[in-house]
Amino acid sequence: MSPQRGRAERTQDMGEQRQATFSVWRGDHQTGKFVDYKTTVSEGMVVLDAIHQIQAESASDLACRWNCKAGKCGSCSAEINGKPRLMCMTRLDVLDMTQPVTVEPMRSFPSIRDLVTDVSWNFKVKKRIKPFKPRKPDAEDGTWRMYQADVERVQEFRKCIECFLCQDVCHVLREHHKHDEFAGPRHFVYQAALEMHPLDVEERLGQVKGENAIGYCNITKCCTKVCPEHIAITDNAIIPLKERVNDEFYDPITKLFRMFRARPKADRKD
Amino acid sequence: MGTPQCITHEHQVLIIGAGGAGLRAAIEAASTGVNVGVVCKSLLGKAHTVMAEGGMAASMGNVDDRDNWRVHFADTMRGGQYLNNWRMAEIHARQAGDRVRELEAWGAIFDRTRDGKILQRNFGGHKYPRLAHVGDRTGLEMIRTLQDHGIHQGIEFYMEFTVLEILMDGDRVAGAVGYDREKGRFHLWKAPAIVLATGGIGRAFKITSNSWEYTGDGHALAYRAGAELKDMEFVQFHPTGMVWPPSVRGILVTEGVRGEGGVLRNSQGRRFMFDDIPDLYKNQTASDPEEGWRYVIGDKDAQRPPELLTRDHVARCIVREIREGRGSPHGGVYLDIAWIKEKMRNSEAHIRKKLPSMYHQFKQLAGVDITKDAMEVGPTTHYAMGGVNVDGQTQMSTVKGLFACGEVAAGLHGANRLGGNSLSDLVVFGKLAGEHAVEWARAHPNPTIDNSQVQSICRAALEPLERSGGESPYEVQATLQDMMQDKVGIVRKESEMAEAIDGIASLRKKAACASVPGNIEYNPGWHTAVDLHNLLVVSEAVARCALDRKESRGAHFRDDYPAKDEAHASHNTIVYRGADGAMVVERREITAMPTELSDIIKEMG
């Protein structure tokens, strides 16, 4: 939680420096307000550096989450000038530094303090999704064979760093607060990764349609736009899942076929 | 002052840390039906394992069938300059393959060979392509797999909690005391067995690839509980961290770049790694760039390029180039993967496919397109080979009921860790620690908690909030990091280390009167003040061990003793807290290897 790189007093080898203002949300789960902090910024700095400097210089109790500082852990999600972004990957030179830069917590989640939000809902949703269940091993030594071409699509989904920016921006959650009924884009990516995993034999489409309510998504692609891992959430995860749900539950031929099917799909696959 | 309230929990096995080692230990322990709790400083899935890039070493022989556990064992021992715990090196080499395959059974998807097996890549110090990987985000694949599997095993997770102290019942552990970040409430965990899986100590240094969490908590908790630490002088400085712009200094650039053919050049354009090849590796290293490239593309008759020598050596060569005035403008050297366009037509797509996060990291943070231009890189504090002294088989420390696995444990890596041996370390020894912790807990239930011990720990933790006008913990931490970087860093000498030891003593006094504003709810200033005590313990241990080893070996380089010395060839350095509270340094002879293992070393040259 401490400031590590780019402290203001270390001016040698820092390149060009100038003053900038950051308007940072300070508050708890009840109230809060934007507070302006001035700090010195230099070449190559990201928003998280500025937050660390502010912690060291003038607000040691300014709460924020961060870990890797390299866009790999997905901890430092926030809304910067109103846009959901990772603070560690947002360079100041892509922002208008003539105006104060606003930094506030993700608004779709309850506030804990300052930039930290309660994201525990995401962990609960994930836990209710049926876990990975592999088919029997392909080889006698207990291993499987999978081909690169067959795993590439799933590998795209597995790049997800669980920053929850997609959840933050999704209007079903943000505007309509359907947290009790809808799993959100992150968990459709997760379910798509499981459903399209070459080894997986679990039946999950009932969950995707029912308790996770994929039908609420009307494909506005807001989630895809904010994904720092550039996962094509809507096109590659959500739409194919919607198609699978349609095939499984609404397609008349499948329906007819199911009438004659003796056993549920999960058993059949085994 | 009133009595701080403590929320009490009870577990048979308590695991501290939720990276690869902690999660694997928890899964193992839970599989036996015992009640398991995991305390972690961050949210689940954010631990430092997530940053591991290159891969996970296991001699599965999927790419080169000459590989087997004996070669992996010999490589690990050679890389560690034979100071390794040979039993751990053996267990690790034998079991790593099973642990990789187990991850696949839990849903991990590694990159594939043409015949559909797990693909393995080249890495420094490994004789054959051995690293199971997923592009350059292997750590994410591993932690997510363990997390997604682990949440269904009935384990209790305490996210964003920090442990302050281990509680003792006589000479055995009884539990732990800590606080939750959100509300600042104190918690007591009763547990007959505790597994430390807290990772490393990188935050003791200014330039590091490690996150804020890496404050040596497990090392210090074990030390204060009376356990021994071992080999603390061996801190790995990864040769390639980013150097520019300043805000990204230290962020890791995976060794996978060199595994895929990346070369190191100085400001004169010279591939300086060919200039100094250590005797131990002479017959394993390419004689010219052409042979090096043939190795990269899988020619089994070729030897590996000198960029894939061990990390300690590569880091020192880089420092030499910089010191002698042949560095890049921002104090690094050049790492070039773009040059492979001379060798392959679709090089840009190939680089983006093999090193996607490096591509984005440089593009986004440094404005460099690595498919077209060279990267500027320099050494960064990366990994602690040293740690809690554990039994090679059970992973129990010298304190009864206290186990350690992963980076916080010492032994597997000796004087220098090979890339890729860390991820496999986590799961091999995480599993063993979990297994043996259960065994201990079942045989030794119901330790007694000393409530006065609990109260004094909580009161001490609150002191920085109750003082005013004291030192800023950020300042103390920054001073310590600067000092460790300058005086106990990659090149060391006696006078400077002695100064550092004095400096640590005076910083300890400052830390003891640090004060922070605000309240106990999610207050990073307070957390920094609390963590400082751990950072000071590990810093002192590193400095004292480094001072005692009057030679250069592996990651430990002394300007005043630049050569290896036989007198230091067969002992580990141990530190523990003496009866008077002062740190005691002791040299301990390494027991001789059984012949079946020493024969492997002889045979592999």
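Reader: Two strands pair if DSSP finds at least two bridges between them, so to start with chain B, what order do the strands have in the open sheet with mixed pairing?

Author: In this predicted model, where local features need pLDDT of at least 70, side-chain atom pairs count only at pLDDT 80 or more, and totals for chains, interfaces and linings use all residues, the order is S1-S10-S9-S8 in chain B, four strands in total. Helices (H or I, at least four residues) and strands (E, at least two) are DSSP runs numbered from the N terminus. Residues are numbered from 1 along each chain, chains are lettered from A and ligands numbered from 1 in the order written, and side-chain values use heavy atoms, without hydrogens or water.

Reader: Which are the edge strands there?

Author: Strand S1 (6–10) and strand S8 (161–169) of chain B, each of which pairs on one side only. Neighbouring strands of this sheet are turned against each other by 25 degrees on average, with direction ignored.

Reader: And how do S9 and S10 of chain B pair?

Author: Strand S9 (residues 172–180) and strand S10 (residues 186–190) of chain B run antiparallel to each other and pair over five bridges, and within that pairing B:Tyr179 has B:Phe186 in S10(B) as its bridge partner.

Reader: Which helix lies across S1, S8, S9 and S10 of chain B?

Author: That is helix H12 (residues 451–466) of chain B, which runs at about 150 degrees to S8(B); angles run from 0 to 180 degrees between N-to-C directions, with axes fitted to C-alpha atoms, for helices over the stretch in contact.

Reader: Now the antiparallel sheet: what order do its four strands take in chain B?

Author: The order in this open sheet is S17-S12-S19-S20 of chain B. Strand S17 (387–388) and strand S20 (583–589) of chain B have a single partner strand each, so at these edges one side of each strand is left without a neighbour in the sheet. Inside the sheet, strand S12 (residues 229–230) and strand S19 (residues 571–577) of chain B pair over two bridges in the antiparallel sense, with B:Lys230 standing opposite B:Ile574 in S19(B).

Reader: Which helix packs on that sheet?

Author: Helix H15 (residues 524–548) of chain B does, touching S12, S19 and S20 of chain B, and its direction makes about 50 degrees with that of S20(B).

Reader: How many residues does the contact take from chain A and from chain B?

Author: It takes 68 residues from chain A and 75 residues from chain B, contact meaning heavy atoms within 4.5 Å. The rule finds seven salt bridges across this interface, including the one where the side chains of B:Arg144 and A:Glu162 meet at 3.7 Å, N to O.

Reader: Which elements of chain A each supply at least two residues to the side that touches chain B?

Author: Helix H1 (47–57), strand S6 (111–113), helix H2 (120–128) and helix H3 (148–157) of chain A do, and H3(A) gives the most, with five residues.

Definitions and conventions:
Salt bridge = Lys/Arg side-chain N within 4 Å of Asp/Glu carboxyl O. Pairing = 2+ DSSP bridges.
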